[in-house]
Amino acid sequence: MTRITILGAGTAGTTIANRLARRFSRELRAFTTTITLIDQDNEHLYQPGLLFLPFGIYTPDQVVRPRDQQLLPGIEYIQQPIDRVEADRDVVVLSDGRTISHDVLIVATGTRVLPEETEGMTGQGWRTKVFDFYTLEGATALRDALAAFEGGRLVINVVDMPIKCPVAPLEFAFLADWYFTKRGIRDKVDITYVTPLDDAFTKPTCNQELAHLFRDKHIRLEREFNTGTVDAANGRLVAYDERELPFDLLVAVPLHGGAEYVGRSKGLGDDLGFVLTDPHTLQAECKPNIFALGDATNLPASKAGSVAHFQAELLEENVARYLVGKPLKPDFDGHSNCFIETGFHQALLIDFNYETEPLSGTFPLPVVGPLRLLKESRLNHLGKLAFRWVYWHMLLPGHDIPLVSPRMTMRGKRPTRSASAPTAG
Amino acid sequence: MPTLTMLDTALDVDAEGFLQNPEQWNESLAAEIARENGIPELTERHWMVVRYMRDRYLTTGAAPSIRSLGKESGVDIKELYKLFPKGPAKLAAKIGGIPKPKGCI
């Protein structure tokens, strides 16, 4: 009997569960293999939708579906919070005291936001003047606040890195510009984007190619701002270096950490609760029969659904290899593919990996595209909206997406001189 | 890759002067980089941070953020800004001879 346990039924966990169920369908039917998926609730959130929700483009009921209904037959679903992983005993202990034994464990419990880690953020003004949009509750509360906003200073503040979907706060700023223009009050709203990084994007080529977006949209950029305190009563954001920024409405992207139980599981994670993971095989450092997938890892790849999808294709192979004692494939290259909404029904597309910066060109095919890299287009925007269908019907069920390979390819890309220089991530 | 000659040694650096090969680093080099960046003398408190920064990079492959530096290095964030004005994480990385910390995408 081979027991595979997967922790977390989000994008990564659901995708890998379904891929493994298809791969081992015969063994599942013969009861020689079991696949058990564990999560604390039964609400699968379409996280890309959280960006659109505050602007009234999606409603909450459009972005949530039951977790257990996304699974292929044969996968056992347990709904219970996780207390800890005991790697040396090969068990997961649930909060009700049950222990689940495994031969292979896959950690895919993603990240969570930790607004309480920033002084003052969750105090007075939380979700009346200070919001996050990385949770359904936060995005919904923010929708109401934006609708009631009649002008003033809107500050979008990335507190620390790494964060989930690093382009989402930028997209939020671009969509805010569009939203207030549409409402006819853009001239009354001052938008400032505040980042701890030394520029808006995390990738240098994006900063070169896309700096115009901030100018065109009249969005102020405050760089290298390490947020120390949120003072909602006085509408001030204060940095550790004592710089201050006034706000009337603060949209914060709080510090991120891994799932809480990771911190209670000896040897599994780093100080923020991200699982220490091999960047190419996805094997956890703490034990050979543990793997990690998606946002839960400490890897310098984007915390994004596309990454989880590309990793899942490789991890399926590596789990199968591990079970028969074959060497693991060191094939994950950090490939990430992101649509970036820029407002006014336009979007950008970027495609990159650990080593290669986002380049211009066409995607997925040379010349014909049809999507254009690093350039705004309406088709990219339609691609982003169509992705919701792709997500529920292709990505979660664990199907490969036609023409898009898990490893990044240079097909259709125009190399630049500096673009292939390795980056620290 | 640009090179920079400091204390008679050719060093591989990036455009901002961050060492690209941590093994080219030594303590007298650290003092020299500190001086060039406005810190005339490295005190024991500076060294605590620089060593922590370097160790974390060498063991995990990533430099800590200012937040974890404040939590884990034994020097709180207020003092970090006194010791390394403007950007403690960046400056401590530079003095510690490791590549510039990047917010991972």
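Mentor: Start with A:P370, which sits in strand β24 (residues 369–373) of chain A. Keep in mind that this is a predicted model.

Trainee: What is the peptide bond from A:G369 to A:P370, cis or trans?

Mentor: That bond is cis, and its omega is near 10°. The bond from A:M161 to A:P162 is also cis, with omega near 0°.

Trainee: Where does A:P162 lie?

Mentor: In chain A, A:P162 belongs to the loop between β12 (152–158) and α5 (168–182).

Trainee: Back to β24. What is phi of A:V367?

Mentor: Phi of A:V367 is near 60°, a positive value in a residue other than glycine. A:V367 is in the loop between β23 (360–365) and β24. A:L374 likewise has phi near 60°, and lies in the loop between β24 and α9 (378–395).

Trainee: Is A:L374 buried or exposed?

Mentor: Buried, because its relative accessible area is 4% and the cut-off is under 20%. A:V367, in contrast, is exposed at 75%.

Trainee: Switching to chain B. How do the axes of α2 and α5 cross?

Mentor: Helix α2 (residues 44–60) and helix α5 (residues 88–95) of chain B have axes that come within 9 Å and cross at roughly 80°. The two are therefore roughly perpendicular.

Trainee: Which residues meet there?

Mentor: From α2(B), B:V49, B:V50 and B:M53; from α5(B), B:A89, B:A92, B:A93 and B:I95. The contact has seven nonpolar residues, no polar and no charged.

How values were computed: Residues are numbered from 1 along each chain as its sequence is written. Chains are lettered from A and ligands numbered from 1 in the order in which they are written. This is a predicted model: local features need pLDDT of at least 70, side-chain atom pairs count only at pLDDT 80 or more; totals for chains, interfaces and linings use all residues. Side-chain values use heavy atoms; hydrogens and water are left out. Axes are lines fitted to C-alpha atoms, for helices over the stretch in contact, and angles run from 0 to 180 degrees between N-to-C directions. Helices (H or I, at least four residues) and strands (E, at least two) are DSSP runs, numbered from the N terminus. Angles under 35 degrees count as roughly parallel, over 145 as roughly antiparallel, 65 to 115 as roughly perpendicular and the rest as oblique. Contact means heavy atoms within 4.5 Å. Ala, Val, Leu, Ile, Met, Phe, Trp, Tyr, Cys and Pro count as nonpolar, Asp, Glu, Lys and Arg as charged, and the others, Gly among them, as polar. Buried means under 20% relative accessible area, exposed over 50%, partly exposed in between (1.4 Å probe, protein chains only).
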